[in-house]
Amino acid sequence: MAGLMSGFGNFTHAIVRAIPSSFAKEALRTNSSEVDLAKAQREHEHYVGVLKHKLGLQVLELPADESLPDCVFVEDAAVVCGDTALITRPGAASRRKETEAMKKALMELNLNIVEMDDETATLDGGDVLFTGREFFVGLSKRTNQRGAEILADAFKDYAVSTVPVLDGLHLKSFCSMAGPGLIVIGSSEPAQRALKIMQQMSDHRYDKLTVPDDLAANCVYMNLPSKGHVLLHCTPEEYPESAKVFEKLKDHMLIPVSNSEKVKVDGALTCCSVLINKRMEI
């Protein structure tokens, strides 16, 4: 399999997008929590600052669009692996235009663009877990079987398995990667059931790191030349017990990042960036 695991977590660029003022009142959500817009924007600025200044990534910052209140959650608009970028067809109709600015940014990076133009397909990037060996795609309220099939066609070098998401918005609402072969998983029964399905479908044996809080299982892993293993994860203020679990990862640079406002509209840490490994062109 092409480049199997060899460059897992290696990234040079990130695409992010600013939070519009419409975010607080109009962003989609599964509960009715009040969002503090100014605090959400401060948290996002800190997140972007970590990517840019602390980790040294080249960060492309797209402007907010007031007509797209969810546009900060760029992960749902594209899936990037190697030199290929799949422009998705988000499950919520109100979010479909978010892909336009994403496509333009990815074209500027000279990636091979694949578009999901089948109107029966839906796919949110938040339902796509890439392990470095294979893809797991959550079949959720936002992603369907046809979307998973188009993803499999776009990334033919990798096996693609589907996982039912019966609880939570996306697959990555309760899991993510914390390193090569290491899946972080929430402790709830639906999360553990999903992990069991992933283990049964895979030829590879993954290690797991179980955290008490499902939402804390969403973290951002990178393996950077000058930093080694890096993990952006929840803060002790948000999830004290889960934050303690991450401290077991002694070989990682651990960076707690607050997400207390975006989580109110079902946003997680991975949602807010699309990470890309752009090889040097000689």
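I count two residues as in contact when they have heavy atoms within 4.5 Å. The model is predicted, so I take local features only at pLDDT of at least 70 and side-chain atom pairs only at pLDDT 80 or more, while totals for chains, interfaces and linings use all residues. I number residues from 1 along each chain as its sequence is written, and side-chain values use heavy atoms, with hydrogens and water left out.

**Entry 1: the listed site**

I looked up "active site" in UniProt. The unreviewed entry lists His 170 and Cys 271; such annotations may be inferred rather than shown by experiment. They span 102 residues in sequence, yet no two of their C-alpha atoms are more than 10.4 Å apart, so they gather at one spot.

I checked His 170 next. I found His 170 in the loop between S8 and S9. Is His 170 buried or exposed? At 3% relative accessibility, His 170 counts as buried. Buried means under 20% relative accessible area and exposed over 50%, with a 1.4 Å probe and protein chains only. Leaving aside neighbours within four places in sequence, His 170 is in contact with residues including Asp 76, Asp 127 and Arg 142. The side chains of His 170 and Asp 124 make a polar contact at 2.8 Å. For that I need a pair of N or O atoms within 3.5 Å, one able to donate a hydrogen and the other to accept it.

Cys 271 sits in the loop between S14 and strand S15 (274-276). Cys 271 is buried too, at 6% relative accessibility. Not counting residues up to four places away in sequence, Cys 271 touches Val 72, Phe 73, Val 74 and Glu 75.

**Entry 2: helix H5**

I take helices as DSSP runs of H or I, at least four residues, and strands as runs of E, at least two. Helix H5 (residues 189-201) has 13 residues and reaches 19 Å from its first C-alpha to its last, close to the 18 Å expected at 1.5 Å a residue. That expected span is 1.5 Å times one less than the number of residues.

Which residues of H5 are buried? I found Ala 191, Ala 194, Leu 195 and Met 198. Seen down the axis of H5, these buried residues fall within an arc of 100°, so they line one face of the helix. The arc is that of the directions from the helix axis to the C-beta atoms. On the other side of H5, Glu 189, Lys 196 and Gln 200 are exposed.
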